[in-house]
Structure formats: structure tokens, C-alpha cells
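Work through these exercises with the model open beside you. Try each task before you read its solution.

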Amino acid sequence: MRRTAGLSWVGCVAVSVTLVACGGGGGASSSSPTSPTTNPGQPSQPTLAACSVIGGFAAAAIGDVQSIVKGTQCSSANTPVVLLNLKDKDGQQVGRCSGTIISRRAVLTAAHCLLGEAASVLVYQGTGVQIPSASIHAHPTYRESDNSGLDVGVVLTSADLDHPIVPLLLSRDASVGEQAVIAGWGNDEFGSSATAPKAALTVISAVYSNYLQTEISATGSGVCSGDSGGPILLAQGGVWSIGGITSAASTGGSCTVGSNYFTNIRNASVQSFVTGLVPDATQR
């Protein structure tokens, strides 16, 4: 995307800092969105529990927690949405992001999470030991100083991940008006950091070649600091699949208003980058 005032990363920094004109779907502002019609081959989705989509459930002892901004705190016992603890060259914590397991040894995330001071990643699945990265990869067009690139990254791990794998939705485009699920380990609207993944329903408001867009006003739910790299999930053939990667928000300094942006997994360069690194990624 072009540099736009109020566009902020949603989350790799350890301390929440608003960064003007950073993140975003990348290089897509010159493209036109699809017309506001739903995909005729995609049936409307019934109201559902967002946590069930990411393989978890609403924790009975916690109940509905207003987090990921108007979402529900989920169980981390069997979710593919993981926490990425970012480490510098000395092993010190420099931030945290979210990600999604796309193969036994690969996590999909945002490019901006893997640049700057980040030299390695520890993948936390919500339980058990953290899995160290074997290597980290940001899309070659993405630069922190110029958000015209594609904000997508891949973490390859040094050991197998044992939580479910989520497919990439490469067979069709998202549709304006389509129901979607967002998920991540980011802050809630009060600035509290997550201790478990959260999920919420949202609606696609625009589809560009490089990114998908949603409006917080449509459902009240949105992403916040720490959710970067998490998925926006769309249903295809009865399977919830990754339609995009959480990248940025135009919020005016608040996670409760504005627009959210997700790098479009259907972008040809994004597809090539991800499948080149993870040839065994499941596709829908």
C-alpha cells in the first residue's frame, strides 16, 4: 500500500508503539477492489462460535473475554494459531507476533515480524516447550522503511509442530460481504496482552490483488498489537482455510475503530514465495 497517515503495524513490537504508515497488504493501493457482491459459489455462513474455527473452544472458566477486540478467548490446547516470540542475535526478546501452522515444520506470519532486530523465533503452541526456528524468511519485496512490499513471512522450525495444519486458500478469491474469522495472540482493546489465542467473526469489505480489507464497524471486531501474522480464515468446501495474513490497521491510534488489512494469499508472488519455501503446504 502507499504510505497513508494512521496506518499502523499490529504487532511485532514488545512494547506497543504506533508507527505511522507501516505494514499493510503491500503495493495494492493502485489496484481496484472487487465489486461488493458475494461469490455465487460460496454459500452464506451461519453464525458460529469463532473459537471452534481455530480448533479450540471458549474456555468455560474464563468465558467470553473482550480480546482481539470484541472476540473470544479460546483454548490453546489444539489450535494451529501460535505465538511467535521474537529473539535478537543474543537471544533477548524483541517482540511477539502471531502465526499459523501450515505444515509440520512451517508457520505462516507477517514479514514485518521477521525484520529489524529479529534473528530467530521461538514458536509457542500454547502448551509444552517452545520450538526454535531453523530459519526465518520475509518476502524479499518487504522493507520496514517502505511498506510497498508484500507483508508475508515464513518461519521454518527445527522440530515438528504437533498442532493441526491449516490449508492455504488458493483456489478462489475472497468475496466482498463474505464472513471470515480473525485470530491471534494480540492485545485486547484495553491494551492487555494475551495468554491464549483469541478469535472473532468479521466480514470482508474489499478485495484487492495484494490485500483484503475489513471494517471494525461492521462487526465490532478487529486486530490489535500482537495479532500481526495471524490468519484471516475463509470457508471453502467445509474447511476453514487461510485467505490472508494479518498485516496492518488504520485505526487512528485505537484498536476499536478503523480498517484492518490482510496480505492476500492469492497474490501470485505471495503464493510463489510461500509454496516455494513450504512445498508440502496443504491447499484448498
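Predicted model: local features only at pLDDT ≥ 70, side-chain atom pairs only at ≥ 80, totals over all residues.

Residues are numbered from 1 along each chain as its sequence is written, and side-chain values use heavy atoms, with hydrogens and water left out.

**Exercise 1.** State how many helices and strands the protein has, and what percentage of its residues is buried.

*Solution.* Start with the secondary structure. The protein has 3 helices and 14 strands. Helices (H or I, at least four residues) and strands (E, at least two) are DSSP runs, numbered from the N terminus. Next, take burial. Buried means under 20% relative accessible area, exposed over 50%, and partly exposed in between, with a 1.4 Å probe and protein chains only. Of the 284 residues, 55% count as buried.

**Exercise 2.** Find the strands that pair with β13, and explain why β13 is largely enclosed.

*Solution.* Two strands pair if DSSP finds at least two bridges between them. Take β12 (residues 231-236): 6 bridges join it to β13, and the two run antiparallel. Here Gln236 has Val239 of β13 as its bridge partner. The two strands form a hairpin with 2 residues between them. Gly237, in the turn, has a positive phi of about 60 degrees. Now take β14 (residues 259-264). It too is joined to β13 by 6 bridges, and these strands run antiparallel. Ala248 stands opposite Tyr261 in β14. Finally, check burial: 10 of the 12 residues of β13 (residues 239-250) are buried, so the strand is largely enclosed by the rest of the structure.

**Exercise 3.** Name the residues of the largest nonpolar core that touch the most other members.

*Solution.* A nonpolar core is a set of buried Ala, Val, Leu, Ile, Met, Phe, Trp, Tyr and Cys residues joined through side-chain atoms within 4.5 Å. The largest one has 48 residues. Leu84, Leu108, Val123, Leu168 and Val274 touch the most other members. Strand β3 (residues 81-87) gives the largest share of this core, 5 residues. Apart from it lies another core, of 13 residues, including Ala174 and Ile204.

**Exercise 4.** Describe how the rings of Tyr208 and Tyr211 are arranged.

*Solution.* Rings of Phe, Tyr and Trp (its six-membered ring) pair if their centres lie within 6.5 Å; planes under 30 degrees apart count as stacked, over 60 as edge-to-face and the rest as tilted. The structure holds 3 aromatic pairs. Tyr208 and Tyr211 form a stacked one: 4.5 Å centre to centre, with 20 degrees between the planes. Tyr208 is buried at 15% relative accessible area, and Tyr211 is buried at 4%. Together with Tyr261, they form one aromatic cluster.
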